[in-house]
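This briefing covers salt bridges.

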Amino acid sequence: MGRPSFAIDHTRLRALREEKGLTQAALALKIAQQLDKPETESLVRDYQRIEETGQISISYATALAKVLGVSVPLLQGLEQPDPNAYLMHMQALLAQQLDTGENLALRELLARHAKDNEVNALQYLAEDIAEHIEQVQLVRNPTTVADLVNLTHLSESDLLAPANVRGFWFLSVKSRIMNCSEVVDGVSSLNYRVGEVMQAYLSSHRNDSTVRMWYDRPWVRIEICRPRTRDRMLVDFTRCQPDATGLRWTAPSWRDEFFLELSLNSHAFANADVVTDFTGRTAPADYGRLRLVVDEHDRNHGKPLRRMVVDGGIGDMPESVKKNFARESSTRVLFMNWLTNDLRTALMPHLVTEHTSGWHVRVNGCAVDISRRDARNRGIIYADLRYRIVLAEETGTDEFSTVPVREKDLDELRQHIEDWLRAGDTASTCADERPTFATI
């Protein structure tokens, strides 16, 4: 065995070996074969030392990871076990306890789950106990640990081996008006909490704002800026693993990152004006390419039939006006006003061809829908979708990409359309100057 150069988590190593059903001697032999080394009397003794101390060489760690079917970072404690694998392992351990028939408390708990779902009772029992174990690893209350030992008949060291059901995250928020640090249980709770912080920081201000997101592994970092107030908020969080000494930072899994990227992008797009995502893409890249895209549908809500692109005459906007609004950090407000005015000119002639009271306008996700009310059934007030309006950035001929749009902006657009309909105003302009629908 080479000279030890770094350490692995020896508690996790033992758990992985037992999960594979291998003795120390059997695993030591497999590693020797992987390294193409002869069997010696010290083979098992060398492995036992590793399982006791965690000291190991890189070559031995690589071979060990390959034999156990895991990564070296996972052996080092820098990567979390797969949640499904952990739950299956817990389910197998509990099944062994139940088969002995001696653990009456565990059998009673299984019976309670069986009343709700007999087929999946053992699975639900394993999930329930695994979540308790994960909480114990964070709090490490001696009484709770003792209760779990009595319930599961697992040793304290087995209970405190790294678990991964929901996972823990350490969250840090820093700004002039809000500073906090907290441990959050589960990626879903983390997503909700970050969205809550972002909304609270940005919702009360109409001025331009930016959100930038990137990885500084093991940290995920978010910078939220409000140029008008010359303030910014830094939101940092990382996956963490509790142990006897405190919290150890660990890298998020690819599943964590996949879920977080989707949800964090959604939060940013709903609260900020300019967003730079984890790929480095900034949206919108150019305010001058912002457009309101109006798709016309038939009553079946199928593929759009025609499309009208409203550019707001942004190309004719004086540079002095842009600069003045930029100094006030109100560029987004300026461009939205121009687009909204042009939408009135373009859309109203199509809406007043029928009774204006028959239209229903609502915010639907990141779009504004205009639908026909059902005169035969008042309970179905928007069964007939006609127009869907979205804010987008024109990236090429008939090519558009999504951009951030605040719920307040969409609600204001809805209110404008309702006001136009009540006024019955066609906002008459020369037909040649109006944007028109084109077949898609």
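**Salt bridges in the predicted model**

Asp419 is partly exposed, with 34% relative accessible area. The model is predicted, and it holds 30 salt bridges.

**Arg422 and Asp419**
- Asp419 takes part in a salt bridge with Arg422, and the closest N and O atoms of the pair are 2.3 Å apart.
- Both residues belong to helix H15, where a spacing of three residues puts about one helical turn between Arg422 and Asp419.
- Arg422 is exposed, at 59% relative accessibility.

**Arg406 and Asp273**
- A salt bridge connects Arg406 to Asp273, with 2.9 Å between the closest N and O atoms.
- This pair links distant parts of the chain, 133 residues apart.
- Arg406 lies in the loop between strand S16 (399–402) and helix H15 (407–423), while Asp273 lies in the loop between helix H12 (254–271) and strand S9 (274–276).
- Arg406 and Asp273 are both buried.

**Arg388 and Asp369**
- Arg388 and Asp369 form a salt bridge through their side chains, at 2.7 Å from N to O.
- The pair links distant parts of the chain, with Arg388 in strand S15 (residues 384–396) and Asp369 in strand S14 (residues 367–372), 19 residues apart.
- Asp369 is buried, with a relative accessible area of 1%.
- Arg388 has a relative accessible area of 28% and is partly exposed.

Notes. Residues are numbered from 1 along each chain as its sequence is written. This is a predicted model: local features need pLDDT of at least 70, side-chain atom pairs count only at pLDDT 80 or more; totals for chains, interfaces and linings use all residues. Side-chain values use heavy atoms; hydrogens and water are left out. A salt bridge is a side-chain nitrogen of Lys or Arg within 4 Å of a carboxyl oxygen of Asp or Glu. Helices (H or I, at least four residues) and strands (E, at least two) are DSSP runs, numbered from the N terminus. Buried means under 20% relative accessible area, exposed over 50%, partly exposed in between (1.4 Å probe, protein chains only).
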